[in-house]
Amino acid sequence: MAIDGVPNIRFNVAKSLQVMAPACGLQAYKTQICPVLRVLVKDPDRDVRYFAEKSLEALAKTFCSDENDNNNTPVAAAT
């Protein structure tokens, strides 16, 4: 759907990926979601680009925050 001919479909893909990504996890974000959003950021339609950029920004904050939280977790607490 990210390459659908209708811009409204493409920007809804970007919006939906932002909502779904946290439930899919970091690995899916890195390997599947982020690459699609990076394609949509280069879309000829400005609305598609806007929503793709917003999704990337929000998800970067979400997943960078998660990575930092995991790196600061004491080893004893993780076991």
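Trainee: Why is C64 called partly exposed in this predicted model?
Mentor: The relative accessibility of C64 is 43%, and since partly exposed covers the range between the 20% limit for buried and the 50% limit for exposed, C64 counts as partly exposed.

Trainee: What makes C34 count as buried?
Mentor: C34 has a relative accessibility of 7%, and buried means under 20%, so C34 counts as buried.

Trainee: How do you know whether the sulfur of C34 is bonded or too far for a bond?
Mentor: A disulfide requires cysteine sulfur atoms within 2.5 Å, whereas the closest cysteine sulfur to that of C34, in C64, is 9.9 Å away, and therefore too far for a bond. The count of disulfides accordingly comes to zero.

Trainee: What makes the pair of Y50 and F51 edge-to-face?
Mentor: The ring centres of Y50 and F51 are 5.1 Å apart, with the planes at 80 degrees; pairing needs centres within 6.5 Å, and edge-to-face needs planes over 60 degrees apart, so the pair is edge-to-face. Ring pairs link Y50 and F51 with F11 into a cluster, and the charged end of K15 sits over the ring of F51, 4.9 Å from its centre.

Methods:
Residues numbered from 1 in each chain as written. Predicted model: local features only at pLDDT ≥ 70, side-chain atom pairs only at ≥ 80, totals over all residues. Heavy atoms only, no water. Buried < 20%, exposed > 50% of the residue type's maximum accessible area, 1.4 Å probe, protein only. Phe/Tyr/Trp six-rings, centres within 6.5 Å; stacked < 30°, edge-to-face > 60°. Lys NZ or Arg CZ within 6 Å of the ring centre and 35° of its normal.
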